[in-house]
Amino acid sequence: MTRAETRARVAERRAADEKFFSEFEKYMLDCLQEPGFKLESEQQLAERFGVTRYKIRKGISRLNTAGILSRKKHGGSTVGAVDEGTLTGGIDFQFRLAGYSDPEYAETAAWLLCGLVPALCERMTPKAMSDLLAIADEIENSTGEYSTTQEAVLRFFHELVAVTGNRIVTVFTMVLERRALREDFAVTSEKWCRVLADTLRDFLKALKKEKVKKAQTHLKEAVVLLYKGA
């Protein structure tokens, strides 16, 4: 077999794989609408799509890794509930495997959050503002105890981006903030908590007055604090 024939065969095989995975994903999307739904057996799926059980296993494995499917021994695979926590955990796992650096995370977080400021100015409600200020107080009073501080900081950013009403933005923001507060980057400084809380209050004050550039500046400062740690 010539090199040209080998390349053509490889390209043909890849095209066939992509066609299968595309059709498999469409089928799975229908199934994923029903949490708890039990999938057909690998043999039944292989017959449905006209492929080997190995290829079916590969497709199912992708969804198991993402936490979308739950597989039990001798019990097949069932559809799990696809919520923000599942999506955040799956994306976070894939990002960590890819080996993205802290500077990349910090830069992305700053771009994403600052880009949301105009929408936050428009959609912020008095109750949401009051709740966020209360969480900033919790951050200051957490005294640098890691789990308490982490929970308060994550809740602040979750509540903040929730104001936009965009669930996709919420998921990606949580991935970025979880990275900043991973356990080997534990916060121990009371001063750090105080400075972060003050920075977040300044951000909210600028947001309330709809001073977009000033709010963005304070938000960037908060992101720098998060990724530098105590």
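Glu 210 is exposed, with a relative accessible area of 55%. In this predicted model, Glu 210 is placed in the loop between H9 and H10. The phi angle of Glu 210 is near 60°, a positive value in a residue other than glycine. This residue follows just after H9.

Helix H9 spans residues 190-208 and has 19 residues. The distance from its first C-alpha to its last is 27 Å, close to the 27 Å expected at 1.5 Å a residue. At the start of H9, Ser 189 places a side-chain oxygen within 3.2 Å of the backbone nitrogen of Lys 191. The buried residues of H9 are Trp 192, Cys 193, Leu 196, Ala 197, Thr 199, Leu 200, Arg 201, Phe 203, Leu 204, Ala 206 and Leu 207. These buried residues pack against four helices, namely H5 (102-123), H6 (126-141), H7 (146-162) and H10 (212-228).

In soluble globular proteins, nonpolar side chains tend to be buried together. The largest nonpolar core in the model holds 45 residues, and the members that touch the most others are Phe 156, Phe 157, Leu 196, Phe 203, Leu 207, Leu 226 and Tyr 227. Two or more residues of this core come from each of H5, H6, H7, H8, H9 and H10. H5 gives the largest share, with ten residues. Apart from this core lies another, of 13 residues, which includes Tyr 27, Met 28, Phe 49 and Leu 63.

The surroundings of Leu 226 were examined with neighbours within four places in sequence left aside. On that basis, Leu 226 is in contact with Val 153, Phe 157, Glu 177, Ala 180, Leu 181, Trp 192 and Leu 196. Among these partners, Phe 157 and Leu 196 are also listed with the core members that touch the most others, while Trp 192 and Leu 196 are buried residues of H9.

Phe 157 is also a contact of Thr 173, a residue of helix H8 (residues 167-180). Thr 173 has a relative accessibility of 1% and therefore counts as buried. With neighbours within four places in sequence left aside, its contacts are Leu 112, Leu 113, Phe 157 and Val 161. A charged residue, Asp 92, is likewise buried, because its relative accessibility is 7% and the limit for this class is under 20%. Asp 92 lies in helix H4 (residues 84-98). Residues up to four places away in sequence not counted, Asp 92 touches Val 175 and Arg 178.

Side chains of opposite charge can pair when their charged atoms come close. The structure holds 13 salt bridges. One of them joins Glu 42 to Arg 57, with the closest N and O atoms 3.0 Å apart. Glu 42 lies in helix H2 (residues 42-49) and Arg 57 in helix H3 (residues 53-65), so this pair ties together parts that are 15 residues apart in sequence. Glu 42 is buried, with a relative accessible area of 10%, whereas Arg 57 is partly exposed, with 36%.

A second pair consists of Asp 102 and Arg 179, whose closest N and O atoms are 3.0 Å apart. Asp 102 is partly exposed, with a relative accessible area of 21%. Arg 179 is buried, with a relative accessible area of 15%.

A further salt bridge is formed by Glu 140 and Arg 201, with the closest N and O atoms 2.4 Å apart. Here too distant parts of the chain are linked, Glu 140 lying in helix H6 and Arg 201 in helix H9, 61 residues apart. Glu 140 has a relative accessibility of 27% and thus counts as partly exposed, while Arg 201 is among the buried residues of H9. Through salt bridges that share partners, Asp 137, Glu 140, Asp 198 and Arg 201 are joined into one network.

Definitions and conventions:
Residues numbered from 1 in each chain as written. Predicted model: local features only at pLDDT ≥ 70, side-chain atom pairs only at ≥ 80, totals over all residues. Heavy atoms only, no water. Buried < 20%, exposed > 50% of the residue type's maximum accessible area, 1.4 Å probe, protein only. Contact = heavy atoms within 4.5 Å. Expected span 1.5 Å × (residues − 1). Polar contact = N/O pair within 3.5 Å; in protein donor to acceptor, adjacent residues only side chain to side chain. Salt bridge = Lys/Arg side-chain N within 4 Å of Asp/Glu carboxyl O. Core = buried A, V, L, I, M, F, W, Y, C linked by side-chain atoms within 4.5 Å.
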